[in-house]
Amino acid sequence: MPTTELTRTSPQKQPRSLRPSDSMAGLLAKIILLGLVDAFAVYVLTVLFLQEKWTVLVLAAGVTLLINWIYLRRGGLPAKYLAPGVFFLLIFQVFVMIFSGYVAFTNYGDGHNSTKEDAISAIQLAAQQRVPDSPAYRVTIVEQDGEFHFLTTDPDGGISIGSAEEPLEEASDAVTDGTGKATELEGYRTLQFNEVLANQADILALTIPFSDDPDDGTLKTSDGSTAYVYSPTLEYDEAADTFTDTETGTVYADSGKGTFVSEDGNELSTGWKIDVGFANFTKAFSDENIRGPLLQVTLWTFTFALVSVLSTFALGLFLANAFNLPNLRGKRIYRVLMILPYAFPAFLAGLVWSGLLNPEFGYVNNTFFGGANIPWLTDPLLAKISVLLVNLWLGFPYMFLVCTGALQSLPEDVNEAAKLDGATPWKLFTSIKLPLLLVSVAPLLIASFAFNFNNFNIIYMLTDGGPRLSDTTVNVGATDILITMVYEVAFGSGVGRDYGLASALSIVIFFIVAAISILSFRQTKALEEIH
Amino acid sequence: MKVQTTRLLHRRTLATAALSVAVMAVTACGGGSTESTTGESAAPTNLAEGGSTTLTMWVDAERAPALESIAASFEEDTGISIDLAVKDFAAVRDDFITQVPTGNGPDLIVGPHDWIGTFVENGVVAPVELGDKAGEFQESAIQAMSYEGSLYGVPYAIENIGLLRNADMVPEAAETFDEVIANGEAAVEAGDAEFPFLVGLDPKQADPYHMYPFQTSMGVPVFAQNEDGSYDASKLLLGEENGVEFAKKLVEWGDAGSGILNSNITGDIAKEKFLAGESPYYLTGPWNVGAAQEAGINVAVDPLPTVGDEPAQPFIGVNGYFISAQSKNALAANEFAVNYLTTEEAQDAMFGVGGRPPALTASFEKAASDPIVAAFGEIGANGVPMPAVPEMQAVWADWGATELALIKGTAKPEEAWPAMVKNIEQKISAG
């Protein structure tokens, strides 16, 4: 935390000569950068103020003040260096993690997208349905004493006026334009289009009773120039927090699950987001659809990640060793060629390989196997092998790069000494180079394992998890790993997307990967100590 | 003490300097925007004054240019400019759903009608009232845009598949799929073609969308339809008795059968082969006609061939404009959508970029002077709207995987089809 650093370093204790004096350019840069940051902050704060988001506003103001304090005070150099990093860490890592953690405890997803207020207003909006075959009224918006009125012209040319309080009544003395549309009425001021726009929220909310009988419906406009007779199919009772169907009298009450539900179990289409506690986690472990293929998918995920790391490392190391010969010609060209797959985006490679491996039209079968119909991606076992091979193709350049670097940094004299002692090249490699190499490369292998454990792109683009398992109802296939299964379960096949469940499952995966990484890092420490 | 004061002074100068940079930057940013006034003053002449001055519309790259001229005329008439924000089509639906509740969503969005179910479920779309203008559109377009009794979008185009025929190979249109197969096989035997019939099948999901006309022709729709044409998601009809018969047909046509349907032929490969003149038939939509004509194929569009006794009804997709439920500019958005986007010019312009039959009858009639547009339009008039109900999302995965297994010949129709129906029913009731 930067604040503890700030209190510890006090500028007064530093000898004056040791304090770096600000150069003119440095000072200027500081002023400009800080000014830009503050300008941006002012902009953000204004926007937040206008949107009345007070919590975020206070938070943003606090951060801005903190940043200014850090850079305007003398000394506190570590804080000046750390502040940007910590700031971005908080925004891009910590916040995202906390937010997914929060989502995991809600039912956020399709049908539970926003707040209850939004849901209620959306339901009310949708419930306003035009009375079938009712005529269209041409409307002029007029105003009297600050209250808006509709000056309407019906299709037969009859002219009326009305407001939210007073039902429509005839106003035949109105001024009409060439088309017979009433445009002005004595005692009222006609609104210009821009005034209508400026007050659109009020005008759109206006419901003008058609007559004294409320069952006749109300006049509403959506564009300020035409009005129709609407009658709501659902009415909201604020006190009881229920919707009532105006036709059948069915009452829809808050179900406690983020929806309005009638007694016989019918839900209104629009729901809202609520906190559901551990329901998503319970579902992840108890839902038969998920539990069924879970074991198989978990096993394959481990196999996939482990084999991917080992195969890419083995090939990368072999090639790095082979191309590390001091007197090899054209070494650079070879190395560049070797690294090419690394420059390929994984999702693109997946698509390209999926085409290359087409049984009938693919390049691989037609060129290397004489047109044989080998189902590379559609046979369960072959699909697994294909995924591993393509991932090897994609992943070895990274290992090649890493190993080349590590090999070049090994001390030459050890090799010389071993050679003098009569060690064979194989002995030299296994007893000296490999252990030394592992010290520096082992953490990268762990990182690579964690990456492959969640290697969504290659699976999604190459096989999309297929071929599908036949013994389960959920759409999971032989090459699905945990993360693609999460995607499938949460977004793929159910009725819409379920962010809550997806977050809960991701958190579970996060703990698996974290546990494995911690264990492995302990192991590598032991490796270092031996060395 | 002296050191203290200079330090203080120094700090204050620094702060002031930083502040002035800040002020400059803020004024530079804010210079362009006009603050909204509440328009109480007497009749201002500049119509742009008052209210917001911009409507934001999310549109994909292909359609944006067609909307520019209509947006310009709207700005000329009302002073409101339309910001056509080009978005990636693949992500725009989900972005809209997540952005609207935060207040950062657009006022309008362009998209197909089957988004409506999810939009309504999430409370992000507002109904529109076309009034008498609704009668100027083709009935199927209005029907597709209606959901739970309200109209949710202003349609501009109708798209559906048709049977593309290479008229140089087969001069006459066929009525049934058996005739199509016979014609195709004759062409292959004569050495003119390599494939009797082409349709792109996804290697993971096959393509129930393209297979749907054959299925409906055997009397197996997905969901029951109410009298007004809307879908009743509680009545899944895939399990109708003819479902298994259709499944048997897939096996008969598939890899293990006659090979009319080839699970190795993806969408790209199918297009490539038809363009290369290697097949007399290609089941696809208007989006591939342009490329085929450019490749020199003499393209004719035939009505969809029947398999059973009933008409072969394809899904129709209706593209249109939707208004956000939380638009701060709803009145202007409605004005633009209802009174500008429904005009003949606007609909003609959209036809110009997409080549899809316009939803406005007047525009369609003009476009239908092209026999290909007319043919697609005729097929569409016979089609059924793609179900917009959210339950439809639970259907695709099982439907596709089962059809794929049947085409590959790895599943038995009597087992696979009922199992699929059971799976889908379970997913719908769980959702």
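How many residues of chain B are in contact with chain A, and how many residues of chain A do they meet? In this predicted model, 67 residues of chain B are in contact with 58 residues of chain A. Several helices of chain B give two or more residues to that side: H1 (2–30), H4 (116–121), H11 (330–339), H15 (393–408) and H16 (413–430). Helix H1(B) gives the most, with 11 residues. If you sort the chain B side by class, you will find 33 nonpolar, 22 polar and 12 charged residues.

Let's stay with chain B for a while. This chain has 16 helices and 14 strands, and 53% of its 431 residues count as buried. Take its contacts with a separation of 6 or more: 74% of them are between residues 24 or more positions apart.

Which residues of H8(B) are buried? They are B:Gly243, B:Phe246, B:Ala247, B:Lys249, B:Leu250, B:Val251 and B:Trp253, a list that takes in a lysine as well as a glycine. The cover over these buried residues includes helix H7 (208–217) of chain B, together with H15 and H16 of that chain.

The largest core has 173 residues, and B:Leu108, B:Val125, B:Leu198, B:Ile323 and B:Ala337 have the most contacts inside it. The largest share of this core, nine residues, comes from H15(B). Leaving out residues up to four places away in sequence, B:Ile323 touches B:Asp107, B:Leu108, B:Val125, B:Ala126, B:Val128, B:Ala330, B:Ala333, B:Asn334 and B:Ala337. There is also a second, separate core of 48 residues, and A:Ala284, A:Val387, A:Phe400 and A:Val476 are among its members.

That brings us to chain A, which has 18 helices and 15 strands. What is its radius of gyration, and what would a compact globule of 531 residues have? The globule would come out near 24 Å, but chain A has 35 Å. Along the principal axes, the C-alpha atoms of chain A fill a box of roughly 115 × 80 × 45 Å. Of the 531 residues in this chain, 33% count as buried. Among its contacts between residues at least 6 apart in sequence, 59% join residues at least 24 apart.

Strand E13 (residues 242–245) and strand E14 (residues 251–254) pair in the antiparallel sense over three bridges, and A:Thr242 has A:Ala253 of E14(A) as its bridge partner. Five residues lie between the strands of this hairpin, where A:Gly249 takes a positive phi near 80 degrees. Strand E14(A) is also joined by three bridges to strand E15 (residues 260–262), again running antiparallel. Here A:Ala253 stands opposite A:Val261. The hairpin of E14(A) and E15(A) has five residues between its strands too, and A:Gly256 takes a positive phi near 80 degrees.

Those two residues are glycines. Most residues other than glycine have a negative phi. A:Asp133 has a positive phi of about 60 degrees and sits in the loop between strands E1 (128–130) and E2 (136–144) of chain A. A:Asp464 also has a positive phi, near 55 degrees, and its place is in the loop between helices H16 (456–462) and H17 (482–492) of chain A. Is each of them buried or exposed? A:Asp133 counts as exposed because it has 6 C-beta neighbours inside 10 Å, whereas A:Asp464 counts as buried because it has 24.

Setting aside neighbours within four places in sequence, A:Val441 is in contact with A:Val402, A:Cys403 and A:Ala406. A:Cys403 is 38 residues away along the chain, yet the C-alpha atoms of A:Val441 and A:Cys403 are separated by 7.5 Å.

Note on methods. Residues numbered from 1 in each chain as written. Chains lettered and ligands numbered in written order. Predicted model: local features only at pLDDT ≥ 70, side-chain atom pairs only at ≥ 80, totals over all residues. Contact = placed C-beta atoms within 7 Å. Helix = DSSP H or I, 4+ residues; strand = E, 2+ residues; numbered from the N terminus. Nonpolar A, V, L, I, M, F, W, Y, C, P; charged D, E, K, R; others polar. Buried ≥ 20, exposed ≤ 12 C-beta atoms within 10 Å, placed from the backbone. Core = buried A, V, L, I, M, F, W, Y, C linked by C-beta atoms within 7 Å. Rg over C-alpha atoms; globule rule 2.2 N^0.38 Å. Pairing = 2+ DSSP bridges.
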